[in-house]
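Subject: Structure handover and findings

Hi,

Here is the structure we talked about. My notes follow below it.

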Amino acid sequence: MQLYPFTDPAAGAPRQIVAGEGAWVTDADGNRFLDAVAGLWCASLGFSDERLARAAYDQIRTLGYYHSFKNRSAKPADDLAAKLVEMTPGSIARVFLACGGSEAVDTAVKLARSFRIATEEPGRMKVIARTGAYHGSLGMSASLTGMGYVHDGFALPGGVVRVGRPHPYRDKHPNESDRQLADRLARELDETIRAEGAETICAMIGEPVMGAGGVIIPPEGYWPAMREVLRAHGIHFIADEVICGFGRLGTWFGSDHYDLAPDLMTMAKQLSAAMSPVSAVGLSAEVADALDVQSARLGTFGHGVTYGGHPAACAVALEAIRIHEEMDAPKVARQKGEALGALLERFRGMPGVGDVRRLGFIAAVEIAPDAGFGGAEVGAEAEARGVFFRIIGDTLAMCPPYVATDEDLRRMTDVLEASIKACRA
Ligand code: PMP
């Protein structure tokens, strides 16, 4: 096996997927699996799509590559940037294009820091991030990720200030209400900023709903309270919309649902329905204008990647957005989310299950700490029954493609129930 890495050498070679249609994929032995997580929270339109294939083909025949760097651009990159400014929250005025979520997060932090250099506050370099959040695997994005195995031995020193996650099931104090948890976390944020010194911090990054951290839906009042603290200290907010963006929570962006008005915003995954490697960073006018002044002073802009704004990648993203708009992706997420929610009701109070949570079309079932079995066992039982869940500790996450049928959703939840029962037996 030359492909590196595969996580469980004891399990033999990884299961090789050779084809996909709708929410289903087929492996090299001809076994079919229903993917309850759209791959890695990204294949919103399923695993093959004629229109997206055509968009890549047509663009490569016309202009397969040109860069968007130093006074050049390619038409699909310009069009994608314009479209994203139109559809993102009102605070976003400009867009930088890159190739994946980690690159977008690294870029967003570089821009947040560059803003402080441009505004002559060069001491403001630290970024606040939350325990258990996943933001990527590259330099800054791995450092911000609150999971030791992602950043140990690698995290950039001195750059990250860690605060708690809003996990009502796991992290509430005894007798604490959701509202009290929200207020406590905002108070702790304020205290942390005061202890570190606001003059050392440029930004905080957060997903509206934490995805790969375990589908953690913040309690009522959390985001307004957090945003108020950040504004009081003049700290920018970077919304990491890599999973929440493009309809998933029932609004085009998670920032719309929580009224976050981000200063910077990262997008990837469903931006192209996973069919091309493309990501984007949205910038507020305040940030972009200050960086323009700085670039004019320096005579250059110190950030760019060869494939940022890649014409074919952008053409696929534009077509994916068109399809998402035609289907009204936020409405689909609300409707299918409600159908999924109804199917998940029976897991509440089920022996072995600790928590069931959902917002829009993202959901999770968390195995109770005293269940006597864990998420890995349930996930293995489900895979043996033909359904892939994303296993995050004891949490089984679901983020189905928008094209999953009612029958697919029923099958996912039936298999999950059978798998939990098999573990209990
Ligand atoms: N941010 C979030 C919120 C993510 O979920 C991910 C990927 N799971 C990333 C960033 C990194 O994206 P990529 O894997 O495309 O680099």
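First, a definition: a residue is buried if 20 or more other C-beta atoms lie within 10 Å of its own, exposed if 12 or fewer, and partly exposed in between, with C-beta atoms placed from the backbone. This is a predicted model, where local features need pLDDT of at least 70, side-chain atom pairs count only at pLDDT 80 or more, and totals for chains, interfaces and linings use all residues. Residues are numbered from 1 along each chain as its sequence is written.

Positive phi

Asn 71 is not a glycine, yet its phi is positive, about 65°. It sits in the loop between helix H2 (50-63) and H3. Helices (H or I, at least four residues) and strands (E, at least two) are DSSP runs, numbered from the N terminus. Asn 71 is exposed because it has 5 other C-beta atoms within 10 Å.

Ala 273 also has a positive phi, near 50°. Its loop runs between strand E9 (264-267) and strand E10 (279-284). Ala 273 has 29 other C-beta atoms within 10 Å, so it is buried.

Core

The largest nonpolar core has 128 residues. Such a core is a set of buried Ala, Val, Leu, Ile, Met, Phe, Trp, Tyr and Cys residues joined through C-beta atoms within 7 Å. Leu 97, Ile 238, Val 281, Ala 317 and Phe 389 have the most contacts inside it. Helix H12 (residues 311-327) gives the most to this core: nine residues.

H3 against H12

Helix H3 (residues 75-87) packs on H12 at about 35°, with the axes 8 Å apart. Axes are lines fitted to C-alpha atoms, for helices over the stretch in contact; angles run from 0 to 180 degrees between N-to-C directions. Contact means C-beta atoms, placed from the backbone, within 7 Å. H3 contributes Pro 76, Ala 77, Asp 79, Leu 80 and Lys 83. H12 contributes Pro 311, Cys 314, Ala 315, Ala 317, Leu 318 and Ile 321. By class, the contact has nine nonpolar, no polar and two charged residues. Ala, Val, Leu, Ile, Met, Phe, Trp, Tyr, Cys and Pro count as nonpolar, Asp, Glu, Lys and Arg as charged, and the others, Gly among them, as polar.

Ligand

Of the 15 residues around the ligand, Gly 100, Gly 101, Ser 102, Gly 136 and Val 242 come nearest. The cut-off is a C-beta atom, placed from the backbone, within 6 Å. Helix H4 (residues 101-118) supplies the largest share of the shell, three residues.

Best wishes

Methods
Two residues are in contact if their C-beta atoms, placed from the backbone, lie within 7 Å.
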